[in-house]
Amino acid sequence: MMNHSSLDITIIFTSYGSFRPINYLFFTLTFIFYLLSVFCNVFLMLVIYFDSSLHKPMYIFLFNLAANGLIGSSAVWPKVMENLLSDTQKSSLAGCLVQIFWGYFYLTSVYTTFSVMAYDRYVSICKPLQYHSIMTPGKVKTLLTAANVVPLVSITILVCLTSRLPLCKNTIHKLFCENLGIVNLSCVKSALVNLYGVCMVTILVGFPCIVVLLSYAVILNVSLKASKDAQKKALSTCSPHLITFVNFALASLFSVIYNRYSSYLPEQVNILIIVDTFVIPPLLHPIIYGIRTQEIRKCIAKTVRKKERFFWFF
């Protein structure tokens with residue numbers, strides 16, 4: 001039996017297999033996508049931060065979404081790249097718990113951020129005359145704080161509960177650390193961890209999904225009764241949010257299904273799910289919002305023109 005109390009237990013990842021030359025190709029592709037994700041999110045955050053015309057609730061929430069994307073991609077891919085170039089793919093239990101913390105914080109905070117963004121769009125389209133009296137700076141700070149603090153506290157409790165489990169095994173068939181993978185290594189079945197996990201998913205995933213769906217159902221109902229111009233404006237502002245939300249929700253759903261029935265599904269499915277959860281959303285969100293949101297496009301174009309004038313000056 002393993003030493004239960006030590007966080008220095010080594011976790012072995014078996015999904016990588018033995019080192020092969022093709023790992024260099026996988027490393028290069030992963031590195032490129034990771035750099036693109038970091039660049040796109042940082043660029044979007046800088047555009048929003050430095051352009052005062054974007055200091056509005058919608059873009060403040062978008063800034064938070066971009067920050068979440070940085071956290072999510074940085075929680076997973078640097079360790080995956082390290083393992084791709086290693087003969088033995090492993091991590092300490094402490095390192096695993098840190099990765100679980102930031103990875104799950106990213107997943108849950110994206111959902112809560114989507115819900116406050118949907119609420120903002122609901123107020124903007126369905127109650128335009130009351131928008132500024134409802135979405136006050138204080139209200140925006142409260143929503144933003146709740147969207148981050150609630151997941152932060154919830155994931156902290158989850159990781160603490162998982163860290164207390166005695167482990168009898170140390171190999172997981174994953175590319176990186178997941179909470180269920182560590183729980184399955186335990187010598188005992190913890191009803192408390194399972195119950196808490198269900199409650200956390202219900203509150204941090206189920207409830208935000210309901211808020212998003214209800215918000216857009218009301219927006220759709222109001223838009224159908226409005227003029228063509230109003231419908232077009234509602235579609236242009238809401239479609240990026242819906243596209244990114246649907247993609248992220250489907251990826252999360254498939255991830256849950258795979259974790260429960262991984263023994264019946266091929267390993268390639270797990271890799272596709274990971275890519276669709278931790279690669280595509282952090283890269284897709286800033287690109288879609290940058291392309292589909294007119295104000296951001298104008299600000300990016302203005303920034304590019306300023307840089308061009310600057311370089312021409314020198």
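This is a predicted model: local features need pLDDT of at least 70, side-chain atom pairs count only at pLDDT 80 or more; totals for chains, interfaces and linings use all residues.

Trainee: What makes Phe27 and Phe31 a stacked pair?
Mentor: The search of the whole structure finds 13 aromatic pairs. In one of them, Phe27 and Phe31 lie 6.1 Å centre to centre with 5° between the planes. Centres must lie within 6.5 Å and stacked planes under 30 degrees apart, so this pair is stacked.

Trainee: How do you know that Phe27 and Phe31 are separated by about one helical turn?
Mentor: Because they are 4 residues apart in helix 1 (residues 22-50). Phe31 is partly exposed, at a relative accessible area of 36%.

Trainee: Why is the pair of Phe39 and Phe43 stacked?
Mentor: Their ring centres are 5.9 Å apart and their planes at 15°, so the pair is stacked. Both residues lie in helix 1, 4 residues apart.

Trainee: Why is Phe39 called exposed?
Mentor: Its relative accessible area is 54%, and exposed means over 50%, so Phe39 is exposed. Phe43, with 30%, is partly exposed.

Trainee: Why is Asn68 called buried?
Mentor: Asn68 sits in helix 2 (residues 57-84). Its relative accessible area is 2%, and buried means under 20%, so Asn68 is buried.

Trainee: What makes the link between the side chains of Asn68 and Ser109 a polar contact?
Mentor: The distance is 3.4 Å, and the cut-off is within 3.5 Å.

Methods
Residues are numbered from 1 along each chain as its sequence is written. Side-chain values use heavy atoms; hydrogens and water are left out. Helices (H or I, at least four residues) and strands (E, at least two) are DSSP runs, numbered from the N terminus. Buried means under 20% relative accessible area, exposed over 50%, partly exposed in between (1.4 Å probe, protein chains only). A polar contact is a pair of N or O atoms within 3.5 Å; within protein, one must be able to donate a hydrogen and the other to accept it, and residues adjacent in sequence count only if both atoms are side-chain atoms. Rings of Phe, Tyr and Trp (its six-membered ring) pair if their centres lie within 6.5 Å; planes under 30 degrees apart count as stacked, over 60 as edge-to-face and the rest as tilted.
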